[in-house]
Amino acid sequence: GALLRRREAADDVLKGSSQDTATILWALATCGQRAPALVEAMEEKEYVERFMAEACPHTVSSVVWSLGQMSSFPERLLSAVDADSERILSAASCQSVALVVHGMATLGYGFAGSEGGGGEA
């Protein structure tokens, strides 16, 4: 509860691996909790860059699904996921693709990967 409403605690959580973050978000989302300070911290440019560099497609999809369940919309992070959607979706399992598309759709986010956007054949 109060732990993840404090920004300092959220910053400490995000110092761990992307898998740690995914696990914590999943635990919060599945019991109906929200973590506004954690979501706010996930908007930091440095965090987004590190997350996108290290997270595997399954971790990305888990985080996006959890954010969808929490109705939380860290714009910078979701934009980075959307921009990298081709790589994420091509490397992801069917389950991970379903999670990421569900999370983006839950947030009402126009997801390029699910619309076949761009000029690629």
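This is a predicted model: local features need pLDDT of at least 70, side-chain atom pairs count only at pLDDT 80 or more; totals for chains, interfaces and linings use all residues.
Residues are numbered from 1 along each chain as its sequence is written, and side-chain values use heavy atoms, with hydrogens and water left out.

**View 1. The chain and its surface.** Of the 121 residues, 43% are buried (under 20% relative accessible area, 1.4 Å probe, protein chains only).

View 2. We get 9 helices and 0 strands, with helices being DSSP runs of H or I, at least four residues, and strands runs of E, at least two, numbered from the N terminus. Take contacts (heavy atoms within 4.5 Å) between residues at least 6 apart in sequence: 76% of them join residues at least 24 apart.

**View 3. Helix α2 against helix α5.** Residues 18-30 (α2) pack on residues 57-69 (α5) at about 30 degrees, axes 9 Å apart. That makes the pair roughly parallel, a label for angles under 35 degrees. Axes are lines fitted to C-alpha atoms over the stretch in contact, with angles from 0 to 180 degrees between N-to-C directions.

**View 4. Residues where α2 meets α5.** From α2, the contact residues include Leu-25 and Trp-26, and from α5 they include Val-63 and Trp-65. By class, the contact has 7 nonpolar, 7 polar and no charged residues (nonpolar: Ala, Val, Leu, Ile, Met, Phe, Trp, Tyr, Cys and Pro; charged: Asp, Glu, Lys and Arg; polar: the others, Gly among them).

Notes
Buried means under 20% relative accessible area, exposed over 50%, partly exposed in between (1.4 Å probe, protein chains only). Angles under 35 degrees count as roughly parallel, over 145 as roughly antiparallel, 65 to 115 as roughly perpendicular and the rest as oblique.
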